[in-house]
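Trainee: Could you take me through one part of this structure slowly? I would like to look closely at the residues listed as the active site.

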Amino acid sequence: KKYVYMFKEGHADMKDVLGGKGANLAEMTRAGLPVPPGFTIATDACREFYRAGETVTTEIQQQIDQALAELEEKVGKKLGDPADPLLVSVRSGAKFSMPGMMDTILNLGLNDATVQGLAELSGNDRFAYDCYRRFIQMFSDVVLGVDHYHFENILDQVKETRGVKLDTDLQAEDWKEVVSRYKELVRKETRAEFPQDPKVQLDKAVHAVFKSWNNQRAQVYRRINKIPDDLGTAVNIQIMVFGNLGDDSGTGVAFTRNPSTGENELYGEFLINAQGEDVVAGIRTPQPISALKDVMPGIYQQFKEIAHRLESRYKDMQDIEFTVERGKLYMLQTRNGKRTAQAAVKVAVDMVKEGLISKEEALLRVDPNILDQLLFRRIDPAAQLEVVAKGLPASPGAASGIVVFDADTADKLGHEGKKVILVRPETTPEDIHGMVAAQGIVTSRGGMTSHAAVVARGMGKPCICGCEALRIDLRAKQVTVEDKVIKEGDWISIDGGTGRVLLGEVPLIDPVLSAEFKQLLDWADEIRKIDVRANADNPEDAAKAREFGAQGIGLCRTEHMFMALDRVPIVQEMILAETEEERRIALDKLLPMQQGDFEGILSAMEGLPVTIRLLDPPLHEFLPNFEELLVELTKLRMSPDSDPVLIREKEALLRKVRALQEFNPMLGHRGCRLGMTFPEIYEMQVVAIFRAAANLKQKGIDVHPEVMIPLVGHVNELRIMRELVVEKANEVMEETGQAFEYTIGTMIEIPRAALTAGEIATEADFFSFGTNDLTQTTFGFSRDDAEGKFLHQYVQHKVLPDNPFIVLDQSGVGKLIQMAEQLGRSVKPGLKLGICGEHGGEKSSIEFCYKNGLNYVSCSPFRVPIARLAAAQATL
Ligand code: ADP
Ligand code: MG
Ligand code: MG
């Protein structure tokens, strides 16, 4: 079996075998680009390594040795040859790029003898020892497990005694000293000499890369990104080229387009006289790629051409790593670049216009799940801002939170539901969990391609990098900017789009859609075959939904209208009423208010259907909390000058609250059960709807109310409620002399409703799947308890593939939907079907709805664009 491939043997479609990095190095080699030669040990070898009990089998070892011999032959150098040593990098690379997750070792092959050979050959002692110390540090960190922090300490000490700030200011002698102190450190830490035999170095390095597949940060990354654990990583062994040979050398990273905005311009950074990770590590702040034009005009031109070629070859924006050695350009990596949602949309639309890809491809390029970044709120331009510092706008979006200085605290507070902003000098893969928990990230060092920037963009979080004005004191847990001191726990806000760091909490406003975003959504509308509606309870949300392209309202909850401050007393009066008569008096006061609500919404949605759900929650939700009330009453009773009338009122209220308390409110007196026992409540709502409809109709406004009865479990419930609605409709038509259209339907949110959908359909014009409740009742989970107590663990330990409240459980809850669809339509072929749970805005759930013949999905107004795109993707 073939486990090892020379670069020239592979190509871009071999990512499964060669990993992303290896496949693309092979592809670039085939394209004739200047790639330092090398070979790739395939992912099969990694899986075989684990199968064999973490050893490299003889068969694989032989193939590696053979490839190495071929490489030595090709470049005319030998590993370990003191006169002219072959030096290589050992680079991990899995199928899916996992930035910074696995470690790369550079300059492998150096030892006390070969370093002198390198020095003589290059005529540059300083360079040779710089390479050697880097190698010792990387190898010791990755392979021998000596923390890089120890090495950095030594380096800092040497720099301090020499009185220099930058690594580049150190001379050959200084590096020699660093090297000998490094070796001493390794001896002390590992009780062994630093391995001098290059062959041993290589074997150990390969072994370590395989092992790094299972290190903790790789596992966390895979979990977050849903990458299977059994893919394994490939290992790339590649001839070294050197960017640290002097001022005619350098290293850089660039994107073919701006990964933050999508603008079609080269975007990236480089450092002169530097190696490998220096750019990303944020040790020195690099120069923008545009400056390369002045420093190395020829190289810049060549790089631009290659970038363009790579983009046309891959038909996607590329993220490219390169090195210049003594005026010659080498390509070290290319991959499809990670980008913000804004950039993803712009690049996809631009590439259609440039003729690179089709509209369908463009639609598939954008992951609907990341679009909420674009629908996120921005800082209100009218707000008073106190800008304390400005850094690089590394990832757009605005966020406010309290400052924390380490990932663990961010993680802890984040899980407690606090909003935090993680502030660090720079971030490393060890900080991932803190970045996940934070609203946004700020670093004082590093550029647009630093770890923090790349990871934040991937997560869609606002991030500001290289904010050098911040002086962060990790020990004192505070940051100083000029004369201001910000302590842990203080509020700050960040604007990742401009790089501004702001004091305090800042008001955020709704987003607007870019021209490209609108274009993409128009293409989506052309091909999708399922409607998208919105859940909205007030005219403002309805208008927003419409602006975002909603084709109606799928769920208008009426209970929120009862919660308005000026209405609560009337609603309470209605609930506290002892007799129907008293209740009707209160309801009569509510009627014109409800009518006004409906007029607002129906006219905002002129010409489009509006599904209005009658009152759903248990009545006690409108009353004060029992315990709080008790405390209040006790205080009143104890204070001598309390008004006895007030005390009696509170006592009555307390009795009622107690009477309405339920053991299990979710399964209690709510939904149509309220309508069955207090028909006057539903009657009032229905009259309000129909009076609104009649009134608007008279004004020439086209309205389409759809009355929805919640929580039906038996057809008789719906039959009785339907009679009530029809009777009131007729009354209103008579009283106003105005005819109007309406339909009556029900939520399917209880398993029994789905099971008896054939019966229920006889009384329904439409079904709307209320998948929030349907998920609760199907699993027997109460959502509030489940999410707080055990669901998190279920998902983490893969008991459940996803949180079923976010991603529709297709095999369980979904089966009920399918059943209801079939039973319902077998009785009534034209039965209209929709979904109004939160799943209506989630990609995989939308696809499920489309495949199962639903007419529409309905989601929150801000998810409407996401749903439009996902609905289009479902048809592709
Ligand atoms: P990552 O997956 O973290 O990006 P890489 O394997 O790409 O790690 O290596 C990181 C950096 O090391 C590269 O961007 C490049 O600058 C440097 N590097 C890797 N291999 C070589 C090589 N053969 N010659 C010179 N530099 C190299
Ligand atoms: Mg890389
Ligand atoms: Mg419900």
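Mentor: Let's start with Cys 836: apart from neighbours within four places in sequence, its contacts are Asn 535, Gly 554, Leu 555, Ser 768, Gly 770 and Ser 858. Here two residues are in contact if their C-beta atoms, placed from the backbone, lie within 7 Å. Keep in mind that this is a predicted model, where local features need pLDDT of at least 70, side-chain atom pairs count only at pLDDT 80 or more, and totals for chains, interfaces and linings use all residues. Residues are numbered from 1 along each chain as its sequence is written, while chains are lettered from A and ligands numbered from 1 in the order in which they are written.

Cys 836 sits in the loop between strand E32 (832-835) and helix H34 (843-851); helices (H or I, at least four residues) and strands (E, at least two) are DSSP runs, numbered from the N terminus. Cys 836 counts as buried because 28 C-beta neighbours lie inside 10 Å. The cut-offs are 20 or more other C-beta atoms within 10 Å of a residue's own for buried, 12 or fewer for exposed, and partly exposed in between, with C-beta atoms placed from the backbone.

UniProt, in an unreviewed entry, lists His 451 and Cys 836 under "active site". These two span 386 residues in sequence and their C-alpha atoms are 39.5 Å apart, so they do not all gather at one spot. UniProt positions use the numbering used here, feature names are shortened, and annotations may be inferred rather than shown by experiment. His 451 belongs to helix H17 (residues 451-459), and His 451 is buried too, with 24 other C-beta atoms within 10 Å.
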